[in-house]
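Q: Could you take a close look at one part of this model for me, the strand pairing towards the end of the chain, and then show how that part sits relative to the rest?

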Amino acid sequence: MDSLNEFSKTIERLLVSEEQGNQIQQHNFDQQHDKRRERRDFFQSRSEQLMSAVIHPRVEQVVKHFENAIMPSSESPHTHCIYQFDCRPRSPASTTLSFIISHDIKVERLSITYALRIVPIFMKFEREDTISFLLESVNDAQCKAWVETKLLSFLGTYLQLGHIEQYQRSNMITDPVCGAQINKTFAIAQETTTGKKQYFCSQACRDDFIRNNGK
Ligand SMILES: [Zn+2]
């Protein structure tokens, strides 16, 4: 009997201690959850600042020069800055430029990722790069300099499209006067009497053409 009593108490102690353990664990979960939430809120406000003060103003300095650049509507404008460049004669490739701010699972680090997508691909270019900080010590000056460097890299790549043969194949045309192969996006254009456009390598060829054919 005594031993049975002892046994019953042992079981009770075990269950009580299990229950206490569960409560402590739950408390820890709650604390961690609150902490993560706090960090997430901080991440959110930090990325909003970075987008509005660092990334957007710099991206806009570039895209304002391109009429074919559009910003698709975004569900997460505080973490995503994305521009699409439609094909145009001088840059016949569909192009997407993006800066995306993200965090790791524990929300301890903030990263900015630059990505460039160009289709079709006929050349080597920097497709992606990331800069990363501890969430508490994101350095704005460093972010600004990095974003500017990435945008110059983008611009260099994008302008290069105009000089790469595979992209320009459909723009190549023959000068009717001297027979030179020229790129019509860089050539001198002249509308002829038939309403058709002719392209010339130089003003001299254009003048010759007009002399011989009338306007
Ligand atoms: Zn010519």
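A: Two strands count as paired here if DSSP finds at least two bridges between them. This is a predicted model, and in it strand β8 (residues 188–191) and strand β9 (residues 197–200) pair in the antiparallel sense over four bridges. One of the bridge pairs joins Gln-190 to Gln-198 in β9. The two strands make a hairpin, with five residues between β8 and β9. In that turn, Gly-195 has a positive phi of about 85°.

Now for the surroundings. The chain is divided into domain 1 (37–163) and domain 2 (175–213), and the C-alpha centres of domain 1 and domain 2 lie 41 Å apart.

Let's turn to the nonpolar cores. The largest one has 24 residues, and Leu-50, Ile-55, Phe-99 and Cys-143 touch the most other members. The elements that each supply two or more residues to this core are α1 (2–63), β2 (80–85), β3 (94–103), β4 (109–119) and α2 (140–160). The top contributor is α1, with six residues. To zoom in on Ile-55: setting aside neighbours within four places in sequence, Ile-55 is in contact with Leu-50, Cys-81, Phe-99 and Val-147.

There is also a second, separate core of five residues, and its members include Ile-182, Ala-187, Tyr-199 and Cys-205.

Terms used:
Residues numbered from 1 in each chain as written. Predicted model: local features only at pLDDT ≥ 70, side-chain atom pairs only at ≥ 80, totals over all residues. Domains from an automatic or database assignment. Core = buried A, V, L, I, M, F, W, Y, C linked by C-beta atoms within 7 Å. Buried ≥ 20, exposed ≤ 12 C-beta atoms within 10 Å, placed from the backbone. Contact = placed C-beta atoms within 7 Å.
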